[in-house]
Each structure stands twice: as structure tokens, then as C-alpha cells.
Amino acid sequence: MRREASVLHLDLDAFFAAVEQRDKPSLRGRPVVVGGTGGRGVVATASYEARAYGARSAMSTAEARRRCPPGTAFLGGRFGAYRRTSDVVMELLRELSPLVEPVSIDEAYVDLAAGPGHDLSVEGVTALARRLKARIAEATGGVTGSVGIGSSKLMAKIGSDLEKPDGLVVVAPGTELDVLHPLPVTRLGGVGPATAERLRQVGVATVAQLAAKSLPDLVALAGRAHGSGLYQLARAEDDRPVVAEREAKSVSHEETFERDLTDLAELNRLIDSMATRVGARLRSSALSGRTVTLKLRRYDFTTLTRSQTLPQPTDDARQVASIARRLLVEAGTGGGLRLLGVGVSGLSQYAQGDLFADDDADAPDESEAAAVLAQAARVAGPADRRWWPGQDVVHDELGPGWVWGRGLGRVTVRFEGPLTPPGPVRTLAADDPALHPGDPPDWRPPTMEP
DNA sequence: TCTGGGGTCCTAGGACCC
DNA sequence: TCTGGGGTCCTAGGACCC
């Protein structure tokens, strides 16, 4: 724990939904749910309007549909658009300090003490946070964030959580325990459903009650590492540094199917396609790995992994696929599989010299591109399956818009963009030759272009 | 229409080595 | 003819995070 409040945590509010509402004016002020829209989809982000009806992250989309009123927008994710907006925000954070640790696409820590001469008094960092929030909203076209600042990562994160959305909380040094102790233990990072239940059984619901437990008690309850971690967090003891660069430990791809699969040939094709994606990502990061892991989830949701470690690291999709195929045969497909995943871990960086040794090394070879296209074609199927809710499209006459829904050979499109008023809806034939997939729209007015 | 997808970290047992 | 002990690697599973 530091003597000054010099760790900042930023959490963008309902981020995916906020980007959708920015880019789709007709959805502003209305419930929006972003996530899997298929039968087995789950909610990634619900807008605050949708949360009012009980929609929550990680809830099945089917449940969210039951809870939300008609007219709620259920959208698949547009990750390119989220990434672009996130990059803008992370750049603003790097103006505060070179020491920025992105936790995820919508969350980051900043070490203000590593920045250029900030006033680290409570008043100073409060003013800094106000300016930051204003700049974020301006640069992102209205996306808001909640900021917490404190003497450690723990307190910064607790602070950003206290006044969501659009919050700003500075935990003054010396007041950490006053803030922490009344909170439920579930607000501490690392206390999930299993740990919370075990703590509840020994009468611990708040951080104050957690702080009353002995270290041996907590180690017996939660294991050595986790137990001593809880013991420290309950006392606001947190020395974790803000770390800018983290090396990846694994690369994986997994898919849940619309229906359970049993056919080995079909499963093998899916393994090939997933191995292709994993191999391409490894090569684009100049990584290779020694351990290949196959993950599978059976019809009854039981989940297991099978792995094999090679003597030498690989980034070759065919090698990864052939190992995963064999692991699948050994594990068996009995009863049907709802999920398959392929991963590579035990990563190491290529030797520097190897990077440019072969001009073709970086380019996906033709068989990989073909596999990706074949996979896309399988997913696409009939013409109306080309379109998914939330997707950016452009029509030759009607201009840019986005897909509201589809079915029965038709697709419903709303023609609007981030800088237009709410636009008109048209229902078109799914195979309308004038309708094309589009790019994410630019939310910045033209006058603000550099 | 119960339960996504990308990760990280930890634990525990067995093999193997010194 | 009896079981010491530490360290590392591998495998599998589980909790947790966003």
C-alpha cells in the first residue's frame, strides 16, 4: 500500500452496449443486450436500461429475452468497433502515465506515480480524474467510464465500483479500512460463488468479518495462496504493481454448437478449423507452444480437457489438429458434444532471427484461408444466415445501416449512423444484391478529423 | 431453447531425478 | 525388504475474471 492515492482504475460503463447506443441512435435510452443471440448464447453486456429489467452479464440470452420488454435490442458483438473505441481510451490513459495495465478491453489500471509530475493530493487526483472522464466522453462520442483512485490496485478497483455508472471515487489514504470493511466479501477480486459460499458457512459475509478470521483458518478454507491473499486483502494490504506488458501464456479457440454433435468427421473438421485459427494467431504473435490441449463439453455440461506436451514447440495448425484429433478419439464423443476447444500453451517467443528468415512465414497459407472460408460457409448456410443482429451493412441506394433482425428469407435493416437522427427501418430480401456487409461507422464529426 | 469465449492462477498426484 | 526428501515436469481439474 502506498502513502498516496496514485493508482487509478478505469472501468468503462456497460461498454459494448454503450458503443452500440452511440453508433445506433434509435437505441439510445432503450434496453440493449449484447452477446450470443443463438439458442445457447449468453449476455456479454446489458445496457443500464436492460439491467432495470433484470438482464445481467453471463445470464443466458433466453432468460434475458424473457425478462426484457418487446423492442429490446439483442445484438451480436461488433468487436472491431469495440476495439477501436478501447484503443482511443487506452491512448488517453497513456497520456497520464507510461505505466498503463489494460485488464481487458474495457478496464485498465494506471500508475499515476510513474507519470509526469502529477499532484497526488486527493484534490489533485480528483481534478485529474474529472478531466480524464471529460476527455474520454469527448473522444469516444459519449462512452462514459467509472474511475477509482487509491493507494493500491485493490482500493482503486473498489473505488471505481462504488458509484457506477459515470462514477468518480478517490479513497483518501488512511481511510482504506473504513471503505473496505462494510462491503460484502464478494466485492473483493477472487471471491466468486464457491469461495463466497464457503465463507458464508463460517459466518463471513462482510470484509470486516473476513478480517476477523485467522490466517490458518483462511488457508484451511481456501488453500494456501488464495487463503493468504484473502487475509491480506481484508486488511487492505496490497502491493501488486501496475504492470504494462504481460506475456501471453496460452492461445485457444473454442465453440459451443447450436446442437450437440456426435459425428466424428464433422468434429474433426471443426478441430481443423479451430487449429487453423490458433496457429494463425500464434504466428501473428511470433509465438509457438509445446502443449496442445483439447477441451470438450458433453451433452450434460460435464467438461474435460486432454493435453499432450511435445518435445519441441509448434505453431503448425496441422500438427496441432492431428494431436487434438487423437485426443478426441481417446476421450470419446459418447452422448454428444456441445463444445469443442483447441488450445496451445507453454509458449515461447521465436528466436529473433527466425522472424524474417522466410518471407512466407507470416502469411497464412492457402489451405488455412480455405479452411476459414469453409467454416464461414458452414455457418452461413442459407442466404438469410449471412446477416446477424447488430451487424453493420450498407445498401447501394439506402446507404449505411445495421441489421435489426432476419428470418424467412428477409432481413430488417435500420438506416442510421452515429451522426444521424434515428433512421427508417426497411425489410429487404436476404439475398438483395444491393445489400452488403459494412464497416463500423465513424463516430467523430468530420470537423474533428486530424 | 439453462449455462459464451478468452484467458489466468492454483492445487494435487504421479513420474522421474538426485 | 520397506518406504527420506526435495525439485521439476506433466496432466487434469477447478475457481475466477471480464
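Which element gives the most to the surface near DNA strand B? The legends below take up this question first, and they describe a predicted model.

**View 1. The surface near DNA strand B.** Strand E9 gives the most to this surface, with seven residues. In total, 24 residues surround DNA strand B, and the closest are Gly 39, Arg 40, Lys 249, Thr 256 and Phe 301. Helix H11, which runs over residues 224–233, and strand E9, which runs over residues 250–261, each supply at least two residues of the surface. Sorted by class, the residues near DNA strand B are nine nonpolar, ten polar and five charged.

**View 2. The buried residues of helix H11.** Helix H11, one of the elements that supply the surface near DNA strand B, has Leu 230, Tyr 231 and Leu 233 as its buried residues. These buried residues pack against three helices, namely H6 (153–162), H9 (207–211) and H10 (215–222).

**View 3. The surface near DNA strand C.** Around DNA strand C there are 18 residues, of which the closest are Ser 104, Gly 192, Ala 194, Thr 195 and Thr 309. Two or more residues of this surface come from each of strand E5 (100–104), helix H8 (193–201) and strand E11 (303–314). Strand E11 provides the largest share, six residues. By class, the surface near DNA strand C consists of five nonpolar, ten polar and three charged residues.

**View 4. The packing of helices H12 and H13.** A pair of packed helices is described by the angle between their axes and the distance between the axes. Helix H12 (residues 264–284) packs with helix H13 (residues 317–331) at an angle of about 140°, and their axes are 8 Å apart. The two helices, H12 and H13, are therefore oblique to each other, an angle counting as roughly antiparallel if it is over 145 degrees. The crossing in which H12 passes H13 is right-handed. On the side of H12, the contact is made by Leu 267, Asn 268, Ile 271, Asp 272, Ala 275, Thr 276, Val 278 and Gly 279, and on the side of H13 by Ala 317, Val 320, Ala 321, Ala 324, Arg 325 and Leu 328. Nine of the residues in this contact of H12 with H13 are nonpolar, three are polar and two are charged.

**View 5. Ala 205 and its surroundings.** Ala 205 lies in the loop between H8 and H9. With 13 other C-beta atoms within 10 Å, Ala 205 is partly exposed. Leaving aside residues up to four places away in sequence, Ala 205 touches Pro 184, Val 185 and Arg 200. Ala 205 and Pro 182 are 23 residues apart in sequence, and their C-alpha atoms are 9.6 Å apart in space.

Terms used: Residues are numbered from 1 along each chain as its sequence is written. Chains are lettered from A and ligands numbered from 1 in the order in which they are written. This is a predicted model: local features need pLDDT of at least 70, side-chain atom pairs count only at pLDDT 80 or more; totals for chains, interfaces and linings use all residues. A residue is near a molecule or strand if its C-beta atom, placed from the backbone, lies within 6 Å of it. Helices (H or I, at least four residues) and strands (E, at least two) are DSSP runs, numbered from the N terminus. Ala, Val, Leu, Ile, Met, Phe, Trp, Tyr, Cys and Pro count as nonpolar, Asp, Glu, Lys and Arg as charged, and the others, Gly among them, as polar. A residue is buried if 20 or more other C-beta atoms lie within 10 Å of its own, exposed if 12 or fewer, and partly exposed in between; C-beta atoms are placed from the backbone. Two residues are in contact if their C-beta atoms, placed from the backbone, lie within 7 Å. Axes are lines fitted to C-alpha atoms, for helices over the stretch in contact, and angles run from 0 to 180 degrees between N-to-C directions. Angles under 35 degrees count as roughly parallel, over 145 as roughly antiparallel, 65 to 115 as roughly perpendicular and the rest as oblique. A crossing is left-handed if the near helix is turned anticlockwise from the far one by less than a right angle, and right-handed if clockwise.
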